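Colleague: I have a two-chain model open and would like to learn how to read its contacts. Could you walk me through it?

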Amino acid sequence: MTEFTPVSALVGGALIGLAATLLMALNGRIAGVSGIAGGLLSSGRGERAWRWLFLGGLLGGALLHELIRPETFALREGFPPLLLIGAGLLVGIGTRMGSGCTSGHGVCGIARLSPRSLVATAIFMATAVITLAVVRHAFGVM
Amino acid sequence: MSRHTGIDSSWGRNLAALAAGLLFGLGLAVSQMINPLKVLGFLDWFGAWDPSLAFVMLGAVVVSALGFRLVRRRGAPVFSPRFEWPTRRDIDAPLMLGAAIFGIGWGLGGYCPGPGFAAMALGFWEPFVFTAAMVGGFFAWHGIERTRLASLRRRAVDG
């Protein structure tokens, strides 16, 4: 359904890797979005500004790309809002319980060969594949 | 002690965070990770499979691995007193259960935290609803943790 785009995938991935390197080199922090965002809830004074700025940058970077090269793909239509809310809640709870997400565990953790991240990544990949198989092929939700 | 010690600068930290965020967001957009259908295309092992996400991970992991090796040669980050490398190596129940739950949510919606947030740049409704719900999830977990810690403290006091 979506076409294989190896070059833009590698380039985009490299940019993400660069971002993670930068955050560690300059600030000494892991570029894990669930940790950075979720951490806001328990952060004190000196810890909040940089988190908001990182998130703002995330949005800004995507916006910049959108302005330079507007939507090159078709947006998904008709996805059930309740399912999306459920998805969000599970992602919010799961990433905090599991101490990371695709960027924290999947990119930074694997780059460091962290056993925790290797296990976590294998697990969330597995449950994601199974979940999609059920949602898409058993229930026909695209 | 390395010659290269950092300077404790909140201005530097903030600017660095913004720059890193911008690069990250750009990377997510260039690689189309903000498109849920692209992500689900990779997770769809029983349908039309799109390997692109694997290539995104490859690019990101290789560059990060190389970058982290270079970074480790310094004694400290530029704008902070020390590197905050994660130290835990144990594989416990919260890690595994949390990952499993996160995966279910990811497979359900096609969004994970970074792309879900960055996709708001596209202007359509999905990322906004997802992000709001995700923040709800963050708050829910925060509440669960606080209750758990409070009950642990109470038990310690009561003996």
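**Reading the contacts**

Modeller: Let's start with one residue: setting aside neighbours within four places in sequence, B:Phe42 is in contact with A:Met125, B:Trp49, B:Asp50, B:Pro51, B:Leu53 and B:Ala54. Contact here means heavy atoms within 4.5 Å. This is a predicted model, where local features need pLDDT of at least 70 and side-chain atom pairs count only at pLDDT 80 or more, while totals for chains, interfaces and linings use all residues. Residues are numbered from 1 along each chain as its sequence is written, chains are lettered from A and ligands numbered from 1 in the order in which they are written, and side-chain values use heavy atoms, with hydrogens and water left out.

Colleague: Where does B:Phe42 lie, and is B:Phe42 buried or exposed?

Modeller: B:Phe42 belongs to helix α2 (residues 36-43) of chain B. Helices (H or I, at least four residues) and strands (E, at least two) are DSSP runs, numbered from the N terminus. Buried means under 20% relative accessible area, exposed over 50%, and partly exposed in between (1.4 Å probe, protein chains only). With a relative accessibility of 9%, B:Phe42 counts as buried. For a sense of distance, B:Gly27 is 15 residues from B:Phe42 along the chain, and their C-alpha atoms are separated by 17 Å.

Colleague: Now the interface. How many residues of each chain take part in the contact, and what area is buried?

Modeller: Buried area is the accessible area (1.4 Å probe) that two parts lose on being put together, summed over both. Chain A and chain B bury about 9,500 Å² between them, and 77% of that is on carbon and sulfur atoms. A:Arg76, A:Met97 and A:Arg116 supply 8% of the area that chain A buries against chain B, more than any other three residues. The contact involves 102 residues from chain A and 105 residues from chain B.

Colleague: How many polar contacts and salt bridges cross between the chains?

Modeller: A polar contact is a pair of N or O atoms within 3.5 Å; within protein, one must be able to donate a hydrogen and the other to accept it, and residues adjacent in sequence count only if both atoms are side-chain atoms. Between chain A and chain B, 21 residue pairs are in polar contact, both residues at pLDDT 80 or more. On the side of chain A that touches chain B, the elements giving two or more residues are α1 (6-27), α2 (33-38), α3 (45-68), α4 (81-97), α5 (102-111) and α6 (115-138) of chain A. Of these, α1(A) gives the most, with 21 residues.

Side chains of opposite charge can pair when their charged atoms come close. A salt bridge needs a side-chain nitrogen of Lys or Arg within 4 Å of a carboxyl oxygen of Asp or Glu.

Colleague: Which residue forms a salt bridge with A:Arg76?

Modeller: A:Arg76 pairs with B:Glu126, their closest N and O atoms being 2.8 Å apart. The pair crosses between chains, from the loop between α3 and α4 of chain A to helix α6 of chain B. A:Arg76 is buried at 4% relative accessibility, and B:Glu126 is buried at 0%.

Colleague: And what does A:Arg116 meet in a salt bridge?

Modeller: A:Arg116 meets B:Asp92 (3.5 Å, N to O). B:Asp92 lies in the loop between α3 and α4 of chain B and A:Arg116 in helix α6 of chain A, so the pair joins two chains. A:Arg116 is buried, with a relative accessible area of 6%, whereas B:Asp92 is partly exposed at 21%. B:Asp90 also forms a salt bridge with A:Arg116 (3.9 Å, N to O). B:Asp92 in turn bridges to B:Arg88, with the closest N and O atoms 2.8 Å apart. Elsewhere, a network of salt bridges links A:Arg29, A:Glu47, A:Arg51 and B:Glu84.

Colleague: How do I read the aromatic pairs?

Modeller: A pair of aromatic rings is described by the distance of the centres and the angle of the planes. Rings of Phe, Tyr and Trp (its six-membered ring) pair if their centres lie within 6.5 Å; planes under 30 degrees apart count as stacked, over 60 as edge-to-face and the rest as tilted. The whole structure has 9 aromatic pairs over all chains. A:Phe4 and B:Phe55 are edge-to-face, at 5.1 Å centre to centre and 70 degrees between the planes.
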